[in-house]
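Work through the exercises below with the sequence and the model in view. Try each task before reading its solution.

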Amino acid sequence: MKISDDKKLSFFCGGIISILIGLYNPICGLSTGVTVGVGAEIEDYLNYGLFDKYNMLATWAGALIGTCLCLMAQI
């Protein structure tokens, strides 16, 4: 199974966002990553008529991994 570049980019962006904010507050980092995932898909739907739930889930997965890394760094 090949993962599309769009899903990889969504995963990467979710992770980076949650890490950058999560270094200060991991819960805010996770919630920001989740919010960005939803917001990006709403924006795609409004502009292009496309809502890709798998892109949103990829962003959420990246945000979750980024938050886990931040929590491990605090230990």
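The expected span of a helix is 1.5 Å times one less than its number of residues. The model used here is predicted.

**Exercise 1. Compare the reach of helix 3 with the span expected at 1.5 Å a residue.**

Solution. Helix 3 runs over residues 53-74, which gives 22 residues. From its first C-alpha to its last, helix 3 reaches 32 Å.

**Exercise 2. Find which residues of helix 3 are buried and what covers them.**

Solution. Buried means under 20% relative accessible area. The buried residues of helix 3 are Asn55, Met56, Ala58, Thr59, Gly62, Ala63, Gly66, Thr67 and Cys70. Their cover includes helix 1 (5-22) and helix 2 (26-48). For helix 1, take Ser10, which lies in that helix. Ser10 has 12% relative accessibility and so counts as buried. Beyond its neighbours within four places in sequence, Ser10 is in contact with Asn55, Ala58 and Thr59.

**Exercise 3. Describe how helix 2 and helix 3 pack.**

Solution. Two packed helices are described by the angle between their axes and the distance between the axes. For helix 2 and helix 3 the angle is about 170°, and the axes are 9 Å apart. Angles over 145 degrees count as roughly antiparallel. Helix 2 and helix 3 are therefore roughly antiparallel to each other. Residues of helix 2 that meet helix 3 include Gly29, Gly33 and Gly37, and among those they face in helix 3 as a group are Thr59, Trp60 and Ala63.

Now take Gly33, placed in helix 2. Its relative accessibility is 0%, so Gly33 counts as buried. Not counting residues up to four places away in sequence, Gly33 touches Ile17, Thr59, Trp60 and Ala63. The C-alpha atoms of Gly33 and Met56 are separated by 9.9 Å, although the two residues are 23 apart along the chain.

**Exercise 4. How many disulfides does the structure hold?**

Solution. A disulfide needs two cysteine sulfur atoms within 2.5 Å. The structure holds zero disulfides. For Cys28, the nearest cysteine sulfur is that of Cys70, 12 Å away, and Cys28 is in no disulfide. For Cys70, the nearest cysteine sulfur belongs to Cys68, at 9.4 Å, and Cys70 is in no disulfide either. Cys28 is partly exposed, with a relative accessible area of 36%, whereas Cys70 is buried at 4%.

Note on methods:
Residues are numbered from 1 along each chain as its sequence is written. This is a predicted model: local features need pLDDT of at least 70, side-chain atom pairs count only at pLDDT 80 or more; totals for chains, interfaces and linings use all residues. Side-chain values use heavy atoms; hydrogens and water are left out. Helices (H or I, at least four residues) and strands (E, at least two) are DSSP runs, numbered from the N terminus. Buried means under 20% relative accessible area, exposed over 50%, partly exposed in between (1.4 Å probe, protein chains only). Contact means heavy atoms within 4.5 Å. Axes are lines fitted to C-alpha atoms, for helices over the stretch in contact, and angles run from 0 to 180 degrees between N-to-C directions. Angles under 35 degrees count as roughly parallel, over 145 as roughly antiparallel, 65 to 115 as roughly perpendicular and the rest as oblique.
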